[in-house]
Amino acid sequence: MIQLNYRDPRPIYEQVKDGIRKLAYSGVLGPDDKLPSVRELAMKLAINPNTISRAYKELEQEGFIYTVTGKGTFINQEFDLNDSRKEELWQQFEKAAKGLLEMVVTEEEMSERVRKLCKTLDEGTEDAEKGGSTDDSGK
């Protein structure tokens, strides 16, 4: 299930995109697996359908998903899950790491931060597999 964090500075549609990507990268969604309809996912996540529509539109423009009129939206089997997005993220990581090193952050500080992040993500994956979504808004 896709998790939303209302305290995350990223827009909700970006979190939805990342959630779908994560489900595909982790093997929960495979090539040609059908995604929920815009309305269905919006209801599950309790957000505006336009938000889901925007996420789907951008993922389709990236080639990550495709839509068959009257059938639904599916994970694109042709999309290279292991290279395209990974390279983009490595570039962002390298830019951020360079900035931190320029600010005299030590290699050990960065390593510890990455370890904490990995631990947090592992715990989040376990929660997602249990079917919960995070809603820190108090709703």
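## Contact range and overall make-up

Among contacts in the chain (heavy atoms within 4.5 Å) between residues at least 6 apart in sequence, 57% join residues at least 24 apart. The model is a predicted one, in which local features need pLDDT of at least 70 and side-chain atom pairs count only at pLDDT 80 or more, whereas totals for chains, interfaces and linings use all residues. Residues are numbered from 1 along each chain as its sequence is written, and side-chain values use heavy atoms, with hydrogens and water left out.

The secondary structure comes to five helices and two strands, taken as DSSP runs numbered from the N terminus (helices H or I, at least four residues; strands E, at least two). Read from the N terminus on, the order of elements is α-α-α-β-β-α-α. Of the 139 residues of the chain, 27% count as buried, where buried means under 20% relative accessible area, exposed over 50%, and partly exposed in between, with a 1.4 Å probe and protein chains only.

## The largest nonpolar core

A nonpolar core is a set of buried Ala, Val, Leu, Ile, Met, Phe, Trp, Tyr and Cys residues joined through side-chain atoms within 4.5 Å. The largest such core has 20 residues, of which I2, V16, I20, L45, I52 and I75 touch the most other members. Helices α1, α2 and α3 (49-61) each supply at least two residues of this core, and the largest share, five residues, comes from α1. In soluble globular proteins, nonpolar side chains tend to be buried together.

Not counting residues up to four places away in sequence, I52 touches V16, V38, L41, A42, L45 and I47.

K17 is placed in helix α1 and counts as buried because its relative accessibility is 4%. The side chain of K17 makes a polar contact with the side chain of E62 at 3.0 Å; such a contact is a pair of N or O atoms within 3.5 Å, of which, within protein, one must be able to donate a hydrogen and the other to accept it, and residues adjacent in sequence count only if both atoms are side-chain atoms. Leaving aside neighbours within four places in sequence, K17 is in contact with A55, E58, L59 and E62.

## The second largest pocket

On a 1 Å grid over the protein atoms alone, a pocket is an open set of points where a 1.4 Å probe fits, with protein on both sides within 12 Å along at least five of seven lines, and lining residues have an atom within 4 Å of a point. About 180 Å³ of space lies in the second largest pocket, the volume being the space filled by probe spheres set on points joined across faces, edges and corners.

This pocket is lined by M1, I2, I20, L23, V28, L29, K34, L35, P36, L41 and K44, and the elements that give two or more residues to the lining are α1 (12-25) and α2 (38-45). The lining divides into nine nonpolar, no polar and two charged residues, with Ala, Val, Leu, Ile, Met, Phe, Trp, Tyr, Cys and Pro counted as nonpolar, Asp, Glu, Lys and Arg as charged, and the others, Gly among them, as polar.

## Positive phi in two loops

Most residues other than glycine have a negative phi. A46, although not a glycine, has a positive phi of about 55 degrees; A46 is in the loop between α2 and α3 and is exposed, with a relative accessible area of 64%. V104, also not a glycine, has a positive phi of about 65 degrees; V104 is found in the loop between α4 (84-102) and α5 (107-129) and counts as exposed at 68% relative accessibility.
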